[in-house]
Each structure stands twice: as structure tokens, then as C-alpha cells.
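This briefing walks through a few features of one protein model. Please keep the sequence and the 3D view open while you read.

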Amino acid sequence: HYFDFSSYMNISRVMAEDAKKLRELNVHGIQNCKTQRAFMPTSLPIYSFGELLVDPDKDYEEIVEDYFASAFGGYAKETRKYLEALGALINRELLTAKLDVVGEGSATADFAWKNSPEAAAKFIKVPSLVDEFTANAAEYLENEDSETVKRSFELLYYHGEIMKRLSKALFFGAVGQPYLKAVAELRAYIMRNEDKYYMEFDAYLFIRRFVNEVLFTD
């Protein structure tokens, strides 16, 4: 799910498809071994998966619309559009693609987003996308009374700040510049705010597995 951390839209759809196919395998339930704190940027993956485990015949699109309306109130459509836009800029396909790099007597694989002008052109758009959405949503929230909606946006704002810092580190790598300072800033920002979002976001696993061991190993 970390590779879809920018939006959680794709992993939600994949999990929904899995839930619907369990019946074909004569499987009547599922046990998951995963972090129990995976609710940022949204709770859509776990929510939709649970709904479809109870009733596999439910329409996935209706579940998504119901979730966004409950979590983001009158700003549901704009929020979904925003997350889908983020997912188009940073996604699993872009982050996991690799190139074979031939060295002296050996061949290794490195991420294709490094030293990639095409990837850089996507990463550089993230901060402005986040800031524009945050500013527009703030106007909506001025008249919002639901504590659920307010907390959903609070998580989304925090997620956006993480995405801005993550995209900065990725951009440096995509243009061939050192990125370790930006990665350190990303780690520090997350850990500095861990206590505020402890129940919804497993900061330790995100940094250890995704940031340290997958994306930025050097």
C-alpha cells in the first residue's frame, strides 16, 4: 500500500476486485497480516474491502461515493479528483519501474525514475497541486461542523505535506542531484508529527520499509 500512498485509489480498487473473487475460490473470509494503522490519506481501502467481504455483490463505485461523502462532506468530488491527480503523478508503475545498468562484469537494476526528465516533470507538479487543493478546501471547511469531516481533512493536509517533501526528494533524484538531505528532511518531518497521527499512520514502518529500504537505499 505504500506504493499507492499518494492516493490509495488504486490499491482500493485492487482489494475490491480481490474481495469479489474470493467466492469463486470457495473462500468465505480472509485473514490479513498488515499494519493496523493504514488510514492515510483515506480509509477507503479497508472500508471498501470490509463492505465487499460482507456483501460481494455491492457496487464498488457506490461504495467509493458513499465513503467520500461521509469523510469529506460537500467537498467529496473535489477531494476524489485531487487524490486521483496525485495518484497520476506518483504511483506504483512510476516508482517500481527499473532499468538494467551494466557495470564492470555485472548487471544491476536501478529505478527508472532516477535521472529521468519525464519523472521529474511529474514530481515537480506535486507541491502546487497540494497547495491549491489545501487552499480551496480551507474555504469549504470554514462552514463545516462535522468532526469526522474535519479530522479527515486534517489527515489529508498532513498527507499533503508529506507528499510535498517526498516529491522533492524524488525530483532531486530524477534530475540527477543529491537527494539525501531532502530525504532526511522528510524523515524528520514525519517523526516530529508522529504522535498527532499515531492511530492513522504507521510512521515507523513507512520510513523503515518504504523510504529507507525501497526508494532511497543509498
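E147 belongs to helix 8, and in this predicted model E147 is exposed, because its relative accessible area is 57%, above the 50% cut-off for that word. Although E147 and A71 stand 76 residues apart in sequence, their C-alpha atoms are 9.7 Å apart in space.

**How helix 3 and helix 8 meet**
- Two packed helices are described by the angle between their axes and the distance between the axes.
- The axis of helix 3, which covers residues 60–72, comes within 6 Å of the axis of helix 8, and the two cross at roughly 95 degrees.
- Helix 3 and helix 8 are therefore roughly perpendicular to each other.
- On the helix 3 side the contact is made by S70, A71 and F72, which meet T148, V149, S152, F153 and L156 in helix 8.

**The largest nonpolar core**
- The largest nonpolar core has 64 residues, and among these I162, F206 and F216 touch the most other members.
- Helix 8, spanning residues 147–174, gives the most to this core, with eleven residues.
- Leaving aside residues up to four places away in sequence, F206 touches Y2, F5, I162, I190, F201 and V211.

**Helix 10**
- Helix 10 runs over residues 203–215, and the C-alpha atoms at its ends are only 15 Å apart, short of the 18 Å that a straight helix with its 13 residues would reach at 1.5 Å a residue.
- The buried residues in helix 10 are A203, F206, I207, F210, V211, V214 and L215.
- Seen down the axis of helix 10, these buried residues fall within an arc of 150 degrees, so they line one face of the helix.

Notes:
Residues numbered from 1 in each chain as written. Predicted model: local features only at pLDDT ≥ 70, side-chain atom pairs only at ≥ 80, totals over all residues. Heavy atoms only, no water. Core = buried A, V, L, I, M, F, W, Y, C linked by side-chain atoms within 4.5 Å. Buried < 20%, exposed > 50% of the residue type's maximum accessible area, 1.4 Å probe, protein only. Helix = DSSP H or I, 4+ residues; strand = E, 2+ residues; numbered from the N terminus. Contact = heavy atoms within 4.5 Å. Expected span 1.5 Å × (residues − 1). Arc of directions from axis to C-beta. Axes fitted to C-alpha atoms, helices over the stretch in contact; angles between N-to-C directions. Parallel < 35°, antiparallel > 145°, perpendicular 65-115°, else oblique.
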